[in-house]
Amino acid sequence: MRLWRQIGRQRWAKVTIGVAAAEYLRFVGKTTRFTLEPEDIYARGEADMPIILAFWHGQHLLAPMARQSEHRVAMLVSHHHDGEVNAIAARRFGVATIRGSGNHGGGFVHKSGVAAFQAMLDSLAQGTSIALSADVPKVARVAGLGIIKLAQASGRPIYPSAIATSRRYVLNNWDRTTINLPFGRGAGVAAEPLTVPPNADDQALEAARQLLEDRLNAATQRAYDLVDGPKGKG
């Protein structure tokens with residue numbers, strides 16, 4: 001086991017795994033019959049570009065496939081060694097990456113988190129949309145304030161979103177990481193976007209955080225309802 005961990009940390013191994021993962025997800029996308037809700041979501045989002053695309057951690061593997069070729073997108077990816085694999089896979093889909101983490105409820109508090117927050121602000125100002133998970137690290141399905149403060153500082157809307165497939169394998173870990181499988185039904189759902197006023201006080205920020213959490217949960221449940229029926233769970 002120790003040997004495999006050492007191999008997995010090598011640059012060549014990360015590249016190999018990242019490329020393989022991207023091509024596997026591309027195969028899943030091409031063999032899955034997708035439904036969008038609302039059907040005109042791309043047309044609706046056009047006027048709001050650039051946007052902040054929010055999703056739950058562990059439900060994000062197909063997120064890079066939601067990108068349209070004419071729009072620039074950057075994804076926040078952690079500095080963890082697994083994050084490098086995610087970054088390599090994302091770049092195979094034409095998605096840029098911003099490395100950093102630190103959203104521990106109150107915001108991006110670590111040095112790398114502050115740098116990542118500024119990089120996301122700069123990217124939004126330059127017309128590049130940002131995709132990131134909304135969870136507080138290691139606390140699944142609880143939205144942090146970091147993404148809310150990003151929306152407040154940038155003035156860009158948050159689009160709560162979810163992608164689900166009928167054929168999948170769910171890992172027994174903290175975020176219920178979902179491995180999407182080919183040859184099934186798929187659904188991409190976007191909830192009503194939300195904006196955060198620049199002068200929002202602490203109470204308003206918390207209300208926006210809770211609203212994002214509720215809309216993400218609703219979008220996720222709706223995506224699974226579409227592929228599994230009303231009792232589907234993600």
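Which residue's side chain does glutamate 84 meet in a salt bridge at 3.7 Å, N to O? Hold that thought for a moment, everyone.

First, a word on what we have here. This is a predicted model, where local features need pLDDT of at least 70, side-chain atom pairs count only at pLDDT 80 or more, and totals for chains, interfaces and linings use all residues. Residues are numbered from 1 along each chain as its sequence is written, and side-chain values use heavy atoms, with hydrogens and water left out.

Back to the opening question. The partner is arginine 91, and by salt bridge I mean a side-chain nitrogen of Lys or Arg within 4 Å of a carboxyl oxygen of Asp or Glu. Glutamate 84 is buried, at 15% relative accessible area, while arginine 91 is partly exposed, at 42%. For those words, buried is under 20% relative accessible area, exposed is over 50%, and partly exposed is in between, with a 1.4 Å probe and protein chains only.

Glutamate 84 also forms a salt bridge with arginine 99, where the closest N and O atoms are 2.6 Å apart. Arginine 99 sits in strand S4 and glutamate 84 in helix H4 (residues 81-92), so this pair ties together parts 15 residues apart in sequence. When I say helix or strand, these are DSSP runs numbered from the N terminus: H or I of at least four residues for helices, E of at least two for strands. Arginine 99 is partly exposed, at 24%. The structure holds 8 salt bridges, and Glu23, Arg26 and Arg92 are linked in a network of them.

Now, the sheet. It is open, with 7 strands in the order S1-S11-S8-S2-S5-S3-S4 and mixed pairing; two strands pair if DSSP finds at least two bridges between them. S1 (33-37) and S4 (96-99) are at the edges with a single partner strand each, so one side of each has no neighbour in the sheet. From one strand to the next, the twist averages 25°. Angles here run from 0 to 180 degrees between N-to-C directions, using axes fitted to C-alpha atoms, for helices over the stretch in contact. S2 (residues 52-55) and S5 (residues 129-133) run parallel, joined by 4 bridges, and phenylalanine 55 has serine 133 of S5 as its bridge partner.

Helix H6 packs on this sheet, touching S2, S5 and S8 (158-165), with its direction at about 170° to that of S2; contact means heavy atoms within 4.5 Å. Just after H6 comes glycine 155, with a positive phi of about 75°.

Helix H7 (residues 202-228) lies across S1, S2, S8 and S11 (185-190), at about 25° to S8. After H7, glycine 229 has a positive phi, near 105°.

Thanks, everyone!
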